[in-house]
Every structure is written in structure tokens, then in C-alpha cells.
Amino acid sequence: MKIEVKKKQSLLELLSETFPESTKTHLKKVIKYGFVSRGELVLKNPETPVNKGQTINYKKYSGKETKREKVPFQIVFEDEHLIAISKPAGILTVGTTTETKKSMCKMVLDYVTKKREKVFVVHRLDREVSGLLLFAKSEKVKKILIENWHENQKLYWALVEGKPPKASGSVQSYLIEGPKQKMMVVENHQSPNTSNRLPVTGHRLPVNMPQLATLRYKTLSHHNNYTLLEIHLETGRKNQIRVQMASLNCPIVGDRKYGADAKYIRQIRLFAFSLSFKHPITKKPVHLSLPMPKTFLNIGQGNEKY
């Protein structure tokens, strides 16, 4: 069944108007178990915005799918080539020699292995950062995505202390890894001709080689002594947004590693909410997004996690 969207609203609101006899609980299950899609994109979040002119596909839901094994993470998009998930804060993207079990890569691998598929890391989010995380299901797809990563649009929300010097602007600097795996801005660095063409994600550069890092930001709102920013990440260096915001004297709330106020629990207010790219196989545009976490703007109210 195809549903034509006549006004901007949430996915749940659209289904509630289309099926007034159904309860919201039932409709949430319809969404949760993958019976609603927009093109090839399966929509699994009831709060996903839909816009006028879009067509939503709906498949009849019997209720039997509630017996399926629960997946320990939210799947935002999946096809035979890719899987995008919502990563919570506090979990590594890839395990280390001492932490091999609890990582998003391991959890996604366990999930796809049951379907006789593989998973390959395309990019990473810091342990403390939450939001959209994309994996490939083959080496070929991984290679295509990484080679074209600079063409993708990667958007974050960041709640920072204070205000940036300008309401909007760009930050470009060279970063180098210092003691205790902490990234630092290198002042007055003269880059070799190849620096700008080095991989922007998926590969770690030598720790003694300065890395060009670029982002753009704009102010969305102010909250007492804090500012909500939208950040367009142009490169993907380790801790990049965190260290570059700190260089503006606007550390991200909760990020004590880069100078944030230590009175709050270490839940870094940085969220990867949007990722847009060309599908490596079908060549069609893919736009993924997540709503802002409910507690993202809550400061000092005792509900910080991690």
C-alpha cells in the first residue's frame, strides 16, 4: 500500500491519520518491525519526519513478528550492501585488545553473521559520542564509501559551553596526537603538498604526522550559558569536533578530556544526527537522520548517563 504525504508531520502521525482505527501502540510495532519504508529506506523510528509530496510504503502487519529475536541496537537503514545503526554513548565503535566483546562492530557482526553476511568498518564515532554509524557488508562497498567519503554530508549536534566567537563559521587546523591519546592543535604548521589528500576516515595516520581537519558550524539556539550548534564535518579526524570546539574556548558539555566543566557526568553532548551519501552500488541518494535525544539539552538535572 502506498501512502501519499500531504503535509509535514511525523511518521506516527501520518499512520494515525491513515489508520484511525489502529492504536498508536500497534502502529509503533508496525514501524518497529520494518513494515514501513520510503523508497529503499526502511523507517523504524515513529518520530521520523515525512514531508509533503513523499510516498510512504506500507505492508500489512499481522502481529506475529513480535516473536522475532530482538536486535540490541536500532537499525536505521539496511540492505544487502549496507547497514546503518544508532550508536549509543559509552560503547566503542571497534573493540580493542582489552575490550573485544562490547563494541558496535562486534554486535553488528553477530547480527549479520546469522544471515551469512559480513561487516566492515567505514568510519568511527568516539566511545562517548552517539548517533548514526555506517557499516559496509563487503570490502568492495567499504572501499567505494571511503574513497568518496569527502563527498558525503555529515551533520552533528553539539551542545557547547559558552558561545563561539561568531554565530557561524568554519574551523581549519592541524591536529596531532599527544600524550594519553589526546589530540592537540598544531600552531603555524606548514603542511606537505599531500596532507590535504590523505584519507579522511577509515585509516589512522602516523601519530607524529599533523592531520588537516576542517569543519563548519552554525548556531541553532542558546540555553543559559550553553550554545546548541549544528556542525558540518568535512574531515573525520580522531576527536576532531571535540578538540576544535575546545580551541574556540567552547568545549562540548561533559567532555572533561578537552576542558569541559567537571561538575557534570561525562556524557558528551555530541550527536551524529544526519548522514547523506550516494549509494555505492545503486548510485541513488541515501539520506539518513535521527531525532535529537530527549535528554540532550537537559543540563544538571540528574539524568546524565555514563
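Trainee: Which residues line the largest cavity?
Mentor: Keep in mind that this is a predicted model. The largest cavity is lined by His123, Leu125, Leu132, Lys154, Leu155, Tyr156, Ala272, Ser274 and Leu275.

Trainee: And which strands supply at least two residues each of that lining?
Mentor: Strand S11 (153–161) and strand S16 (270–278) do. By type, the lining has six nonpolar, two polar and one charged residue.

Trainee: How much space lies in the largest cavity?
Mentor: About 60 Å³. A search of the whole structure turns up one cavity of 30 Å³ or more.

Trainee: Switching topic: how many salt bridges does the structure hold?
Mentor: There are 12. One of them joins Arg242 and Asp126, with their closest N and O atoms 3.0 Å apart. Arg242 sits in helix H5 (residues 240–247) and Asp126 in the loop between S9 and S10, 116 residues apart.

Trainee: Is Arg242 buried or exposed?
Mentor: Buried, as its relative accessible area is 2%. Compare the salt bridge between Glu17 and Lys7, at 3.2 Å from N to O: Glu17 is partly exposed at 47%, and Lys7 is partly exposed at 42%.

Trainee: OK, last one: which residues of helix H3 are buried?
Mentor: In H3 (residues 104–113), they are Met104, Cys105, Met107, Val108, Tyr111 and Val112. Looking down the H3 axis, these fall within an arc of 165°, so they line one face of the helix.

Trainee: What covers them?
Mentor: The cover includes strands S7 (74–78), S8 (82–87), S9 (120–121) and S10 (130–136).

Methods. Residues numbered from 1 in each chain as written. Predicted model: local features only at pLDDT ≥ 70, side-chain atom pairs only at ≥ 80, totals over all residues. Heavy atoms only, no water. Buried < 20%, exposed > 50% of the residue type's maximum accessible area, 1.4 Å probe, protein only. Helix = DSSP H or I, 4+ residues; strand = E, 2+ residues; numbered from the N terminus. Arc of directions from axis to C-beta. Contact = heavy atoms within 4.5 Å. 1 Å grid on protein atoms, 1.4 Å probe; cavity = no way out; pocket = protein on both sides within 12 Å on 5 of 7 lines; lining within 4 Å. Points joined across faces, edges and corners; volume = space filled by probe spheres on them. Nonpolar A, V, L, I, M, F, W, Y, C, P; charged D, E, K, R; others polar. Salt bridge = Lys/Arg side-chain N within 4 Å of Asp/Glu carboxyl O.
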